Amino acid sequence: MTAPEPLAQKELPLSALQEAMWVSWQVEPERWVHLVPLTLAVRGELDLDRLREAVAVLCARYPMFTGRVVVTPEGTRLTWADAPAIPFVVTDGDEQAVHDARRRPIDLAQGPLARVEVVRGREGVTVVFTVHHLVLDGASIPPVLDDLSRAYRGERLGEPDDVAPFADYARRSWELAVGAEGAPMRAFWRSTLSGAAPARPLPAHQGSQGAPPVVVPVPAGLVAEVKRTARELGVTYFTMMYGALFAAVHHHSGADDLIVSTAHHGRRGNALSEQVGSFAGLLPIRQRMRDSDTYRELAQRLSRDLRAATAHGGLPLAAILRAADLVGPEARDRVSDVVLTYWNTAAGPHDVRHLDFGPAELDLVDATNASDQRLTVLLQEDGSGSSLIWQDHHGTLGAGLLSALADDHLTMVAEMTADPGRTLAQGRAGLHPSRAAGPAAAPVPAAGAAPRKAPDTHQEVMAALAQVWCETLGVASVDPLDSFFLLGGHSLLASAVVHRINERLGVTVSVRDLFAHSVLGDLAEVVARAPKTAEAGTAQARAGTVFRASRFQEGIWLAERLDPEHARYHIPLSWTVSGHLEPETLRSALTLLTTRHQILRARFVDEDGLLYQETLPAHQAELDTADLSGLSAVDRAERLAEWPEQAGRSLDPTRGRLLRAGLFDVAEGGQVLALCAHHLVLDGESVPLLLRELELCHRLATGRARTAPPPAQYHDRAEAEVSAEDLAHWRKRLDGAPGSLALTGPAEPEPHGAVTIPLAEGTTAALLPVRLERKVSGFMIAAASVAAVLHRWSGQDDLTFGIPVATRGGPGAGEVIGPRLNTLVLRSRAEPATTLADLLDAVRESVIDAFEYQDVPLESVVRELRPSRLPGRTPYVDVMVNNVGVSRWSARLGPARLTPVNFVSRAEEVSKFPITVTFTETSEALLGTLSYRGDQVSAAEAQRVAHDIGSVLSGFAEHLSTPVSKLDFAGVRS
């Protein structure tokens with residue numbers, strides 16, 4: 001036997017699916033989840049030296065088996081350069097030794113990604129050929145085993161596969177996962193899985209190990225009848241078996257809304273159709289079961305849904321779940337509770353159940369991927385017939401339920417074939433009794449009340465961290481493998497998370513810790529080692545109706561009085577309504593909302609130079625209504641844009657009632673809900689909580705909820721004191737920094753305005769590898785792009801700009817509606833040789849550093865440093881760079897779903913600074929606007945700066961090594 005020539009190219013980028021496996025391994029390297037152990041029972045005499053040589057030849061044919069994962073400046077790679085031979089171990093042992101061989105972890109960083117263990121026992125010899133799922137999926141098993149058999153028999157194998165299709169697949173997987181091309185797929189899954197029922201519908205069994213597999217041969221006569229009936233119904237044999245599985249799970253779980261996932265081979269086009277590798281994923285198929293459904297209706301509906309899911313099956317499972325807002329362990333349990341896989345070797349060229357290793361024969365006993373799937377059902381067809389293998393991987397079902405499910409499934413297959421017109425209720429008579437009332441497995445806790453004491457054990461730390469992430473990110477649950485930033489977290493949320501962690505867990509961790517350990521499991525290890533501070537707890541509310549205003553509120557109050565023309569602090573919000581909102585019910589919900597939250601019915605009083613907020617009595621909420629459905633689209637848009645302007649002018653802080661609402665009927669029976677709030681009572685980080693409270697009040701108004709616990713009030717939280725040490729840090733950080741940019745401004749003042757920052761299609765996807773490799777957030781990349789343009793535009797090698805931060809530190813501050821913002825100053829320096837990568841690293845450090853000292857108000861910094869001041873300009877902040885995340889800005893009010901209208905900055909609302917750059921990252925794209933004050937920046941200059949920012953950001957990944965002084969702003973690549 002002669003090995004083929006080695007490849008010249010010996011590395012590949014990881015696909016989105018492979019990257020998820022890599023992250024999973026980094027968090028828990030001892031887990032055996034992504035192993036594919038091929039267990040082969042030997043009959044006859046097996047020459048082990050010959051087998052060892054055959055394995056070497058096989059690995060020359062598939063060199064990725066010998067690889068490992070490395071992190072390079074270009075991203076995470078799979079490399080097999082200078083790879084060692086895969087381990088080949090022979091041991092004496094029993095069944096436990098085989099079990100251990102199947103579950104022994106593989107080190108992805110060291111490699112290789114495969115091994116062979118031969119176990120010689122009293123009952124015979126077993127070969128366990130284990131390959132990591134990173135380089136092998138189910139569809140790849142038959143050709144690999146066939147090639148191993150051929151190599152053993154002395155046949156020459158083919159040359160190694162061309163790596164180009166693998167690299168193309170990896171790039172495409174990222175584009176589909178996060179880029180524009182995948183938007184239709186993500187929209188399909190968002191629609192299909194929206195509102196999916198809770199996880200783990202099957203009753204739980206208190207066990208510690210998986211029950212033995214239940215193997216159910218399907219009688220040949222029944223197989224023939226099923227296939228005949230399938231043809232009559234216009235479906236496939238697999239769909240019939242799949243439908244019966246849905247029916248069996250429906251019976252034993254009592255759940256009407258079910259997801260039973262199935263494997264999807266993931267190969268597209270001829271280039272990958274025969275390749276060995278890792279392309280397969282799961283398709284979560286959802287069915288809403290009714291006892292009145294006939295078997296015919298179930299099979300035909302399932303067939304349609306399968307075709308639609310397969311057509312949109314190019315996404316990795318993680319991207320499907322993110323698109324549907326299903327994140328965390330509960331969501332993953334939801335789609336992996338029950339999984340059906342289909343392996344039809346009879347239809348292909350390789351029937352590998354019985355391999356010819358002449359004179360020995362090797363029987364494939366088990367090829368099940370070791371996974372987190374709770375129940376796996378393998379439908380297997382080969383030359384000897386059809387069979388079903390039922391596996392309870394972790395012992396959470398128990399042998400009794402596993403056998404009952406297997407029996408009842410085959411019974412339902414026979415029922416479907418005998419009479420497709422029978423209903424599910426009629427077919428239930430001969431089944432085992434349902435045990436749906438059994439205890440459920442305990443999920444990781446979601447958002448809820450804070451723990452009463454600081455957590456002690458690692459499990460308690462993990463649960464407490466999960467709870468904090470849920471509250472901050474607005475998700476139902478999180479998993480130890482989840483990344484804060486890939487769940488929607490960003491730089492401006494990082495400080496809120498760290499404050500909550502320190503407050504809730506009684507520890508001291510920093511924003512830098514979160515950036516360095518953004519995966520939940522990693523951060524839990526850091527928290528477990530962090531020094532303890534005060535006992536965890538919550539603040540107590542203070543009595544009274546008059547309270548001292550916060551520093552932020554005082555700043556707004558003063559700014560409006562010093563510059564009423566420009567400092568207009570109104571927050572306009574709007575949502576499209578799917579479904580229908582009843583105006584009177586909405587009005588009642590809004591009244592309850594303002595009653596529950598004192599800040600929403602406060603007025604502001606200046607007494608001897610000090611600002612106080614006074615709580616007014618509860619009042620009926622104001623709701624403007626209008627029917628705009630008869631207007632043209634242009635006129636309707638104009639009316640909707642006029643309303644927040646009119647509402648904003650009516651918001652008088654001295655009289656209170658600083659929240660207004662409007663409900664407008666628009667075309668085709670739709671509605672738009674609009675809110676306008678004064679910045680004295682609301683900020684962007686409060687909007688998700690405002691929506692959750694509005695949902696609660698709507699349930700109270702409609703009687704769907706009877707009571708609700710009292711909410712935390714804005715005045716309950718204590719504002720952090722400014723320490724001399726923190727102030728000294730800012731003094732050192734900004735010592736010698738210029739107080740302003742060299743803005744010349746137009747010769748004559750121009751109107752204020754806003755322009756779009758042009759970004760190339762696919763920018764979000766192109767930036768993702770940079771984020772993962774350099775451990776930066778999307779906002780840090782955006783801020784570095786702005787800094788690069790400002791250096792070139794101003795000609796200054798030392799400059800500053802501002803970023804807003806939600807300073808939600810202190811007991812209870814993260815759970816209250818109300819403004820808690822500060823402006824942090826970032827200082828940027830760029831020498832002629834400073835590259836874009838250098839600038840990004842510096843911005844990253846500057847952002848993290850600023851967040852660690854965020855409680856020092858900007859006005860305190862200005863007073864301390866006394867920079868030169870210009871009329872109408874805030875020192876150090878001629879440019880404000882903002883990030884608006886709207887991922888948690890959706891809500892459901894009864895039958896109506898609220899979807900936020902894309903955020904577009906209006907010049908009137910953001911004209912507090914000469915330039916305000918605002919980025920909004922949605923699930924589909926990155927959007928950017930630049931607003932400007934016409935008395936400080938001309939329209940032509942604003943257009944130029946916006947264009948240059950778009951050019952840098954669109955080509956950021958390509959120009960990391962380019963000096964900032966050499967960046968080409970010629971145009972945006974599309």
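Tutor: Two strands count as paired if DSSP finds at least two bridges between them. On that basis, this predicted model has an open sheet of 6 strands. The order is E8-E15-E14-E11-E9-E10, and the pairing is mixed. Strand E8 (214–218) and strand E10 (281–288) are the edge strands, each pairing on one side only. From one strand to the next, the twist averages 20°.

Strand E9 (residues 257–264) and E10 run antiparallel, joined by 8 bridges. Within this pair, Val 260 stands opposite Ile 285 in E10.

Two helices pack here. Helix H6 (residues 183–193) packs on the sheet and touches E9 and E10. The direction of H6 makes about 40° with that of E10. Helix H10 (residues 295–311) also packs on the sheet, touching E9 and E10. For H10, the angle with the direction of E10 is about 145°.

His 250 is found in helix H8 (residues 237–253). Its contacts, leaving aside neighbours within four places in sequence, include Leu 258, Met 289 and Asp 291. Leu 424 and Arg 428 are also among the contacts of His 250. Is His 250 buried or exposed? His 250 has 4% relative accessibility, so it counts as buried; the cut-off is under 20%.

Conventions:
Residues numbered from 1 in each chain as written. Predicted model: local features only at pLDDT ≥ 70, side-chain atom pairs only at ≥ 80, totals over all residues. Heavy atoms only, no water. Helix = DSSP H or I, 4+ residues; strand = E, 2+ residues; numbered from the N terminus. Buried < 20%, exposed > 50% of the residue type's maximum accessible area, 1.4 Å probe, protein only. Contact = heavy atoms within 4.5 Å. Axes fitted to C-alpha atoms, helices over the stretch in contact; angles between N-to-C directions.
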